[in-house]
Amino acid sequence: MALETKIYQKENNLKFGRLLKESCKDFFNSHFLAKQLASRDIKSQYRQSYLGIIWAFITPVTSALVWIFLNLSGTIKLTDTGMPYPVYAFSGTLIWSIIKEAINLPTNTTNAARGIITKINFPKEALVLSGIYKLFFNTSIKIGLLLIFIFAFGIGFHWLLLLFPLAVIVVILFGTTLGLFITPISLIYNDIAKIVSMGLGLLMYITPVVYAIPKKGFMKTVMEVNPFSALIITTRNLAMGHTSEYLGYFVSISITSFFLFFLGLLFYRISIPVIVERLNA
């Protein structure tokens, strides 16, 4: 029986369309692996914690309580938010925590799997998808607590509440997309992760997280241009049953994030194996 002969020749593997197609295919086909990684990490995370799942929402709750106390005590004077301030502050800090977690998601999942990336050949997109699964799990707990706040303060059910989960998905998509472009750089330079953390802390104060956009002035212009503002305001308004004046901006961000996400995924696919191999060399 004649043996089959194959001739391997060097070919151009840097074709953009081909790489993008392969990246998208591996992302959607790595569902099982990503689910297993996410399940393992979630169980490990809460198994070694006394408070367990409470840590998923303890940070936004404590942040909101600080601002609620400052407002009630008269230490700071805030403009009218159009809704009960405790709900306003808690929803804002909750959505902000989801954005921060989404931005840090690719970096954290890649760092956690650095030891196996160079030893096992698997789609690196599975790491991103597993991080998204974990974020969805944590976010579902936070949304449940927010719903308790909404009904406790008499807002109740309304049809816009049905669109709230879609807005949360856009928030996660936006944050994850930013994280995909940041991750390769932050793996090389540890300072980048610190700069991102510090920058997000400062950015919170020019975003309507715990106080409304001013009626006039320079800060009004800055906060309206800030894309994080449109995400926070629209998502919160959908939860509270209010219409959003930034809905058009929100839709533009959604569409842009969708296309940039796959470009970021491609950037991640190309850069991560090379960077991790060099770091472990």
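User: Leaving aside neighbours within four places in sequence, which residues is Asn237 in contact with?

Analyst: They are Met83, His242, Thr243, Ser244 and Glu245, where contact means heavy atoms within 4.5 Å. The model is predicted, so local features need pLDDT of at least 70 and side-chain atom pairs count only at pLDDT 80 or more, while totals for chains, interfaces and linings use all residues. Residues are numbered from 1 along each chain as its sequence is written, and side-chain values use heavy atoms, with hydrogens and water left out.

User: Why is Asn237 called buried?

Analyst: Its relative accessibility is 9%, and buried means under 20% relative accessible area, against over 50% for exposed and in between for partly exposed (1.4 Å probe, protein chains only). Asn237 therefore counts as buried.

User: What makes α4 roughly antiparallel to α8?

Analyst: Helix α4 (residues 85-112) and helix α8 (residues 190-203) pack at an angle of about 160°, with axes 12 Å apart. Axes are lines fitted to C-alpha atoms, for helices over the stretch in contact, and angles run from 0 to 180 degrees between N-to-C directions. Angles under 35 degrees count as roughly parallel, over 145 as roughly antiparallel, 65 to 115 as roughly perpendicular and the rest as oblique. The angle of α4 to α8 therefore makes the pair roughly antiparallel.

User: Which residues make the contact of α4 with α8?

Analyst: Trp96, Lys100, Ile103 and Asn104 of α4 meet Val196, Leu200 and Leu203 of α8. Trp96 is also in contact with Phe228 and Ile232, among others.

Conventions: Helices (H or I, at least four residues) and strands (E, at least two) are DSSP runs, numbered from the N terminus.
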